[in-house]
Amino acid sequence: MNRYEQLADRLRADIRAGLYPPGQRLPSVRRIASQQGLSIATCISAYRKLEAQGWLEARPQSGFYARTPEALPPRAHQTCEDESPGEVTMSERVAQVMRASHREDLLVLSTAIPHMDFLPVKDVRASLSRALRADDAGSARYGEFIGEEVLRTQIARRSIESGCQTHPDDVIITTGCQEALTLALRATTQPGDVVAIESPTFFGTLQLIESLGLKALEIPTDAQTGLSPEALELALDKWPVKACLICTSFSNPGGASMPDAHKRRIVQMLSARGIALIEDDIYGELAHSGERPRVAKAWDRTGHVLLCSSFSKTLAPGLRLGWIVPGRWRREVERLKYGSTMSTALLPQRALADYLSTGRWERHLAKVRRQYAEQMERMQTAISRHFPPGTRCTRPAGGFILWVELPEQVDALALQAQALAAGISVAPGPMFSPQGKYRNCMRLMCAVRWDARVDAALARLGALASNLASGRR
């Protein structure tokens, strides 16, 4: 992090803490430069950054004054009532959204695919070029079916940051996190079995459950702390749950992050009952504070946790590289991996291992975490400014997606259709529930290149929601 960014972060924290209430004049540039031992240019850059973000107001011939950006919307409630297990039918609705995501005439806020501005495209391209130049005819053969050892080693080395001690042989490389989740569910369940999930949950998870002929059991979820351990325990006493699938850190779509105590309790609860915990940690590296949360796998002592993740949200979605640490189901996952795709593409694995070995990964994460925090604040502020009264949204501490709760009169499916006609693609709430709940909710993706078009689109989206809230069409 540059020195001016460090200073800007400290001053922003001081304003938030009330040390500089709105209207309070901050120290002059010369004074703060002397206090902090920084150059005047560095301090001016920090002040200008805060001014651009709405935290400071520059008054000619007077200085910089603290201000608070427009109030953010209230926090979303995000919960559901406990229900019985049910079949899932999501394919067509998901396909509609995914088709829209490839249309160049739309502003896409519906998919969790970050804009290339937030990805290390040049560095990944350089690693791909080095992998091609060093190719010893690897492209003429299949790779090892559990994945290249050099990449598995890189992943295992970094596992300590999430609280785990992982050996390279514990890791199996997959074609994205979706394949990892597929292998985990196939290894731990049979068609007709019940899988406990968060509510709301990622529509890709629901589509996967549908494709495997499983039944989904929605568990009440808190907007900040995630799936309720108490509600899960009650559900386990009532239903024959075979597996539990949870995104433990910065969940999709709600952005909730489970406290360590909840993770530990759920791991112990499921282990005691012999039930698999399939942990989706795809957003775990994107903590806005920079402090990476520990995974639930860190408390696994019996091998009942299958940890799944990928590099799709942090480095390169197009490489389609993920992994699974399957615990006691390793043999079965190996068999299923070999029988389904045989092996993951070899050259992308080598390129990714090369990139991770350069040290650029850590620098990229430090940068993109700050960017996503800023993007999320921009989106929340725009929602507060443009959307109808009564709108609420989540306050994730990581990732780049928001869950928006609109006034009860707003039908998100109708809003989706009207937004699409206006050139905006959004993901309506019913997509995130097998029972079609959350009809007045939607998910928005914040990892977009922010410009006048985005602000205008949010203003238009807010106007459409306001019309629906007031009964106008």
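The model is predicted, so local features need pLDDT of at least 70 and side-chain atom pairs count only at pLDDT 80 or more, whereas totals for chains, interfaces and linings use all residues. Residues are numbered from 1 along each chain as its sequence is written, and side-chain values use heavy atoms, with hydrogens and water left out.

Rolling a probe the size of a water molecule over the atoms shows where empty space is left. On a 1 Å grid over the protein atoms alone, a cavity is a set of points where a 1.4 Å probe fits but cannot get out, while a pocket is an open set with protein on both sides within 12 Å along at least five of seven lines; lining residues have an atom within 4 Å of a point.

The structure holds three cavities of 30 Å³ or more. The largest cavity has a volume of about 250 Å³ and is lined by 19 residues, with Ile155, Arg158, Glu285, Arg292 and Trp323 nearest its centre. Helix H6 (149-158), strand S11 (305-310) and strand S12 (322-325) are the elements that give two or more residues to this lining. Here helices (H or I, at least four residues) and strands (E, at least two) are DSSP runs, numbered from the N terminus.

Thr314 is found in the loop between S11 and S12. Thr314 is buried, with a relative accessible area of 3% (buried means under 20%, with a 1.4 Å probe and protein chains only). Leaving aside residues up to four places away in sequence, Thr314 touches Leu119, Pro120, Glu285, Leu286, Trp361, His364 and Leu365, where contact means heavy atoms within 4.5 Å.

The largest pocket has a volume of about 1100 Å³. Its lining comprises 42 residues, of which Arg370, Ala373, Glu374, Gln375 and Glu377 lie nearest the centre. Helix H13 gives the most to this lining, with 15 residues.

An open sheet of four strands has the order S13-S14-S17-S16, with antiparallel pairing; two strands pair if DSSP finds at least two bridges between them. Strand S13 (392-393) and strand S16 (427-428) stand at the edges with a single partner strand each, so one side of each is left without a neighbour in the sheet. Helix H13 (residues 360-386) packs on the sheet, touching S13, S14 and strand S17 (441-445), and its direction makes about 20 degrees with that of S14. Such angles run from 0 to 180 degrees between N-to-C directions, with axes fitted as lines to C-alpha atoms, for helices over the stretch in contact.

Notes
Grid points are joined across faces, edges and corners, and a volume is the space filled by probe spheres set on the points. Buried means under 20% relative accessible area, exposed over 50%, partly exposed in between (1.4 Å probe, protein chains only).
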